[in-house]
Amino acid sequence: MPDVSRTRRWVAWAVVAGTALLTLGAVAAWAVATPPFDAIQLYSLVDLLDGVVYGAVAWLILSRQRAGGRLPGLIACAAALGSALSAFVAQWHLAVGGPPVLAALHQWAWLPGLYALVLIMPWLLPDRPLGRIDRLAVAAGTGYLVVTLAAAVTAPSPLGVLPLTPEAREVRTALLRPLVPVLPYALVGLGLLACAGLGWRWRRGPAPQRHGLGWATAGSGLLTLAFLATLLPPVVPAILPALLMLASQAFFPAAVAVVVLRQQLWGLRLAVRRTLVWYLMTAVVIAAYCATVALLDRLLPRSLPLPQLVVTGALAAAFQPIRQAVQRRVDRLVHGEAPEPLLHRVVHSVGSTTDIGATVAAALRLAEVRVTEGGQHPPPSDHGTPVTVPLTSGDREVGHLHAWPRPGELLGARARESLAVLAPVVAAVVDLAGTNRDLARSRQRLAEVRDEERRSLRRDLHDGLGPALSGIGLGLAATRNLLRRDPDRAESLLDRLTDELTARAAEVRELAHGLLPPVLADGGLRPALDLLRDQYARTGLRIVVHGPATLDPLPEPIATAAYGVTAEAIRNVQRHAGVDQCAVSLERRPDLLRVTVTDQGRGMPPGPANAGVGLHAMRERAQAVGATLTVGPAGARGTIVCLTIPLEQP
């Protein structure tokens with residue numbers, strides 16, 4: 001039960017108790033009087049059903065709506081109590097007689113509630129800030145109620161119950177005589193305007209607010225047509241207005257409850273849905289049977305039982321399709337949108353978690369829905385504490401779905417079930433969106449690493465090999481000038497140029513080996529690391545390699561990734577650690593290969609561990625082969641880089 005005030009709960013139960021007592025009294029009085037069923041009894045039946053139905057609607061609204069929307073509840077109370085009172089006094093007057101006030105109450109006790117349903121209630125649906133036109137229409141409807149009620153209670157006996165002095169009667173006549181003849185037409189005109197406004201909001205209003213308005217429009221239209229039928233020529237059957245009022249109860253009361261309460265009909269949806277389906281199917285079958293039999297009786301000889309047989313067979317054949325159609329529309333009224341179309345819209349919102357939240361909130365008529373990725377906490381919101389649903393993809397938790405109900409509402413069981421159904425789809429969409437973003441970032445980092453490697457190669461060629469070759473070219477030109485004048489100096493210069501060219505050729509080979517040693521083509525990771533150790537030994541960095549002297553042949557992508565990560569880690573040691581020694585450990589198991597590079601240098605610089613381009617390159621190489629890379633401190637001093645590559649089992 002929602003957090004409603006104690007006063008409103010007492011009022012809700014008082015309305016139910018009062019309606020029940022008046023209804024039972026009316027039924028008991030009818031059983032005593034047993035009057036013939038004529039037009040008066042049909043209208044009493046309308047009043048009786050109005051009291052029961054709108055009593056239930058009033059109880060629902062008053063007992064379940066936490067805040068706001070009090071006027072619809074009060075109108076439902078007036079309709080329930082007024083109609084039940086009218087039915088009670090009519091039957092009691094027939095059974096035991098009584099003072100004329102009973103007959104008077106039967107004439108106008110129903111008036112405030114029923115007229116408010118026609119003139120005011122449509123402008124209050126759905127619950128929203130009323131615009132200028134809405135406020136003017138509500139004021140006009142209220143004014144009409146005041147005038148009509150004043151005319152009824154001050155009318156001459158037996159209709160009126162308020163005794164007037166001669167002077168007051170003259171004032172009443174002067175004020176109301178011009179208005180009384182036009183009041184029925186004004187009622188129909190204002191009712192049609194109210195129905196048109198409700199229909200416009202159903203067709204043109206915001207999508208989240210349209211739920212149930214189609215049914216409310218149908219019920220409002222039937223009520224207005226019932227009063228319009230009283231103004232038509234006498235050729236119209238006298239019972240038509242009462243039949244239209246009865247028909248409106250299949251639409252208007254349930255629609256009002258659904259529109260006003262929206263997500264707060266928890267625990268009652270099944271009862272409401274089944275009751276509406278039973279009511280509509282009963283009405284459709286009876287109406288179709290009576291109308292078709294009457295038509296065939298006029299066309300066929302009355303001595304034949306053919307009309308009844310034909311109609312019975314046709315209704316039996318059409319019953320199931322009609323019931324399914326009615327069931328779908330009742331489900332849409334009570335439950336709202338089915339989850340299947342919503343699933344399609346969620347899948348199409350793959351680009352942004354904000355789009356997913358907005359789509360779910362609009363479909364389930366919630367105040368707000370947000371999706372957080374990873375282990376993020378729910379964002380702050382003005383709507384209070386959300387209902388949180390975890391999002392899992394496989395065995396991983398990829399985020400959470402946070403839902404807030406609208407102000408004055410609770411998140412009903414239907415919305416919770418819909419969120420639970422949507423959670424796997426939203427999780428898959430969130431996971432896919434995250435994968436797309438990771439892929440885009442990975443492509444960007446790959447481009448950055450490739451550009452950095454190209455710049456490094458350009459610097460090595462431009463600053464090292466390029467000047468050296470230019471110097472050798474100048475030396476050869478000088479040697480040509482010395483060949484005839486000083487052959488000995490020319491020969492000595494040629495020797496130095498030969499040594500320089502040999503050294504530069506060795507640098508080119510080392511540069512090529514640094515990019516991708518040829519031995520890696522055969523999976524030779526340990527020989528490639530030995531060559532790398534010898535290369536750095538000439539620069540003053542001592543590398544100690546631990547592990548087996550030979551490794552089983554490795555797939556070329558795995559050997560290349562392991563070598564690239566190791567070479568980048570050693571390069572970082574040479575550039576940033578400030579030491580002249582590091583250790584490389586190799587561990588080969590049947591299911592994995594682990595390479596560890598450890599130094600006792602300066603340690604990790606402050607800031608994110610993945611800020612450098614070199615570390616970016618290492619992580620990209622590890623991800624390419626499904627490996628795990630960890631970079632962290634090696635005890636009190638230094639850094640450790642550990643690469644673990646899973647190997648396929650034979």
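Which residues does Leu117 touch, not counting residues up to four places away in sequence?

Author: Happy to. Please keep in mind that this is a predicted model. The chain averages a pLDDT of 76, and 71% of the residues score at least 70.

Let's start with your residue. Leaving aside residues up to four places away in sequence, Leu117 touches Tyr54, Ile75, Ala79, Pro122, Leu223 and Phe252. Leu117 also belongs to the largest nonpolar core, which has 46 residues; Tyr115, Leu117, Ile120 and Phe227 are the ones that touch the most other members. The elements that each give two or more residues to this core are helices H2 (39-64), H3, H4 (100-108), H5 (111-119), H6, H8 (183-204), H9 and H10 (240-248). There is also a second, separate core of 36 residues, with Leu525, Tyr536, Leu541 and Ala577 among its members.

By the ring-centre rule, the model has four aromatic pairs. One of them joins Phe88 and Trp92 in a stacked arrangement, with 5.7 Å from centre to centre and 25° between the planes. Both residues lie in helix H3 (residues 70-96), four residues apart, which is about one turn of the helix. In general, an α-helix has 3.6 residues a turn, so residues three or four places apart point the same way. Phe88 is partly exposed at a relative accessible area of 21%, and Trp92 is partly exposed too, at 36%.

Helix H9 (residues 213-229) has 17 residues and reaches 24 Å from its first C-alpha to its last, close to the 24 Å expected at 1.5 Å a residue. Of those 17 residues, 14 are buried, so H9 is largely enclosed by the rest of the structure. Helix H6 (residues 132-153) has 22 residues and should span 32 Å at 1.5 Å a residue, which agrees with the 32 Å between its end C-alpha atoms. Its buried residues are Asp134, Ala137, Val138, Gly141, Tyr144, Leu145, Thr148, Ala151, Ala152 and Val153.

Leu71, found in helix H3, touches Ile120 and Leu124, not counting residues up to four places away in sequence. Leu71 and Leu124 are 53 residues apart in sequence, yet 8.2 Å apart in space from C-alpha to C-alpha. Leu71 has a relative accessible area of 39%, so this residue is partly exposed. A cis peptide bond joins Leu125 and Pro126, with omega at about -10°. Most peptide bonds are trans. Pro126 has its place in the loop between H5 and H6.

One caution for your own modelling: over residues 263-268 the pLDDT stays under 50, although the model has 24 contacts there beyond four places in sequence. Where pLDDT is low, the predicted coordinates should not be read in detail.

Definitions and conventions: Residues are numbered from 1 along each chain as its sequence is written. This is a predicted model: local features need pLDDT of at least 70, side-chain atom pairs count only at pLDDT 80 or more; totals for chains, interfaces and linings use all residues. Side-chain values use heavy atoms; hydrogens and water are left out. The expected span of a helix is 1.5 Å times one less than its number of residues. Buried means under 20% relative accessible area, exposed over 50%, partly exposed in between (1.4 Å probe, protein chains only). pLDDT is the predictor's confidence in each residue, from 0 to 100. Contact means heavy atoms within 4.5 Å. Rings of Phe, Tyr and Trp (its six-membered ring) pair if their centres lie within 6.5 Å; planes under 30 degrees apart count as stacked, over 60 as edge-to-face and the rest as tilted. A nonpolar core is a set of buried Ala, Val, Leu, Ile, Met, Phe, Trp, Tyr and Cys residues joined through side-chain atoms within 4.5 Å.
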